[in-house]
Amino acid sequence: MTSSALVRDKDWWRGAVIYQIYPRSYQDSNGDGIGDLKGITSRLEHISKLGADAIWISPFFTSPMKDFGYDVSNYVDVDPMFGTLADFDGLIAEAHRLGVRVMIDLVLSHTSDQHPWFVQSRSSRQNPKADWYVWSDGKPDGTPPNNWLSIFGGSGWQWDPTRMQYFMHNFLTSQPDLNLHNEEVQQELLNITRFWLERGVDGFRLDTINFYFHDKELRDNPALAPERRNASTAPAVNPYNFQEHIYDKNRPENIAFLKRFRAVLDEFPDIAAVGEVGDSQRGLEIVGEYTSGDDKMQMCYAFEFLAPDALTPQRVADVQADFARAAPEGWACWAFSNHDVVRHVSRWGDVVEDKDAFAKVLSALLMTQRGSVCIYEGEELGLTEADIAFDDLQDPYGIQFWPEFKGRDGCRTPMVWDAGHALAGFSTAEKGWLPIPPEHKQRAVSAQQGDEASVLEHYRRFLAFRKLHPAFAKGKIEFQPVVGTVSSYTRTLGNETVQCLFNLSAEPSTVTLPDGNWEVLDGHGFSAEQSGNEVTLPAWGAFFARYA
């Protein structure tokens, strides 16, 4: 058994940097054009050198892959596409040897329609699992029970001719929702959680955590006024945004289940969970509910920084202030990119000429926020959103809403390791599951490694700088009034106060430091001109000083 380099720390998650891996796209070890667990294991040193504290692996369970693993047909095995349970054990051992914790993605709100539970549930109205999913008769005219909608388009109900009833699905029609009002369902999900904890995982990312329960009375959702619509959870062209989702998700019964889930985590040492809260109106409020106290989730993330809204200094301050109001006891986990949204260098920087400088300042801004941090694979290379032709699309979401919404494939293209290979070192196959854009190959790890001016070396350098100052990970945050294009705040822990300045502009900007004796910090790779308390930041520049 490989020895572990992990340090026992029940609080490791607070301020941790978590590196998200989308397994289909990280590294292919067997030449079939699809990434796998052995491939991830072979690349863990890259993550260790980067300076991440943990990895989060998107689903690798047995699945028909209609939604690429988020439609689970067996929660306690690995899909053959990704390898075996033994491969997963090897991944855990190697990660722990390198001092990296492993979190896995649990999808507890729904399964695949090919899961044996659903196959049995749909077979009749009297079988032992008949009530494991959300079933309902239609209205007298045969239409669905209510107005609930699917995030992937259309009604949230699908007719089943065997039971002569509708079943609920928040996502694809092949992803029926589990009925967590059923005690047996809850217990089985907790058993699955224990299975992976006993296997050695260090925590979980909980998919769609606010979708677990539905209203037992199946009441209609109210309409949402146009001025309140927000396209952070679903694209603007999706009528899902036209409702206030108070009955199909966000139910108060979820609190009790999360406490049961946390009690299972607490049976094991040093375990943490981060929940994904998908709601465009009440996201931060729900994060507050789910992370308050010490008996629910350690941390959650909402979509504030994953939304299309421009990232301005005022927005950064407003989001943190809104979170502090909504979740005074809670802990956030922030991300700018993930497997579901347009990569942030493109989402916010389409017209920015110096995308490397833009990527660097945004990474420093993200990694100095109060909360934990998720980095999405390829972000450390400054990858942009890939433009995928319709004929190459794999994502059913994009196929449904093309061309107004092109889906999620543009952020899921394979990781680029070696600029000299046809598939950039991702695979020896002739073709990958998604194409790799030529501009991505130029940003491969091999092209950036050792170049101190590269985005990759910046991430390594800044993560090392961050570790030198615990205030970044666990300290309080206090914003100063916004001046022009500069985001200005302090991070304080104990006797250390660090002043942070970020110029979110392509033009230089001069600001005045608060009164005090400031010691300029270096080692982060940014440069600025200082004259007394006046600091001139170059375009996309940053500045850090410690109160002495």
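Here is the chat that followed.

Q: Before we start, what kind of model is this?
A: It's a predicted model: local features need pLDDT of at least 70, side-chain atom pairs count only at pLDDT 80 or more, and totals for chains, interfaces and linings use all residues. Residues are numbered from 1 along each chain as its sequence is written, and side-chain values use heavy atoms, with hydrogens and water left out.

Q: OK, domains. Which ones does the assignment give?
A: Domain 1 is 17–110 + 183–465 and domain 2 is 475–547; the bounds come from an automatic or database domain assignment.

Q: How many Å separate their centres?
A: The centres of domain 1 and domain 2, taken over C-alpha atoms, are 30 Å apart. Domain 1 puts 23 residues into the contact and domain 2 puts in 24 residues, where contact means heavy atoms within 4.5 Å.

Q: Switching to helices: at what angle do α3 and α5 pack?
A: About 55°, with the axes of α3 (residues 85–97) and α5 (residues 183–199) 10 Å apart. That makes α3 oblique to α5. For the cut-offs, under 35 degrees is roughly parallel, over 145 roughly antiparallel, 65 to 115 roughly perpendicular, and the rest oblique. Axes are lines fitted to C-alpha atoms, for helices over the stretch in contact, and angles run from 0 to 180 degrees between N-to-C directions. Helices (H or I, at least four residues) and strands (E, at least two) are DSSP runs, numbered from the N terminus.

Q: Which residues make that contact?
A: From α3 you have Leu85, Phe88, Asp89 and Ile92, and from α5 Phe195, Trp196 and Arg199. The contact of α3 with α5 counts 5 nonpolar, no polar and 2 charged residues. Here Ala, Val, Leu, Ile, Met, Phe, Trp, Tyr, Cys and Pro are nonpolar, Asp, Glu, Lys and Arg are charged, and the others, Gly among them, are polar.

Q: Pockets next. What volume does the largest pocket have?
A: About 870 Å³. On a 1 Å grid over the protein atoms alone, a pocket is an open set with protein on both sides within 12 Å along at least five of seven lines, a cavity is a set of points where a 1.4 Å probe fits but cannot get out, and lining residues have an atom within 4 Å of a point. Points are joined across faces, edges and corners, and a volume is the space filled by probe spheres set on them.

Q: And which residues are closest to its centre?
A: Asp340, Val341, Val342, Phe405 and Arg408, out of 42 lining residues. The lining of the largest pocket splits into 20 nonpolar, 9 polar and 13 charged.

Q: What about the second largest pocket?
A: That one has about 440 Å³. It has 22 lining residues, with Asp9, Trp12, Asp53, Lys467 and Lys474 nearest its centre. α15 gives the most to this lining, with 3 residues.

Q: How many cavities of 30 Å³ or more are there?
A: There are 2. The largest cavity holds about 60 Å³, and its lining residues include Tyr240, His245 and Asp279. By class, that lining is 2 nonpolar, 7 polar and 3 charged.

Q: Last topic, the backbone. Where is the cis peptide bond?
A: Between Trp402 and Pro403, with omega about 0°. Pro403 is in the loop between α11 (396–401) and α12 (438–441).

Q: And what is phi of Met65 near?
A: Near 65°, a positive value in a residue other than glycine. Met65 sits in the loop between β3 (61–62) and β4 (74–78).
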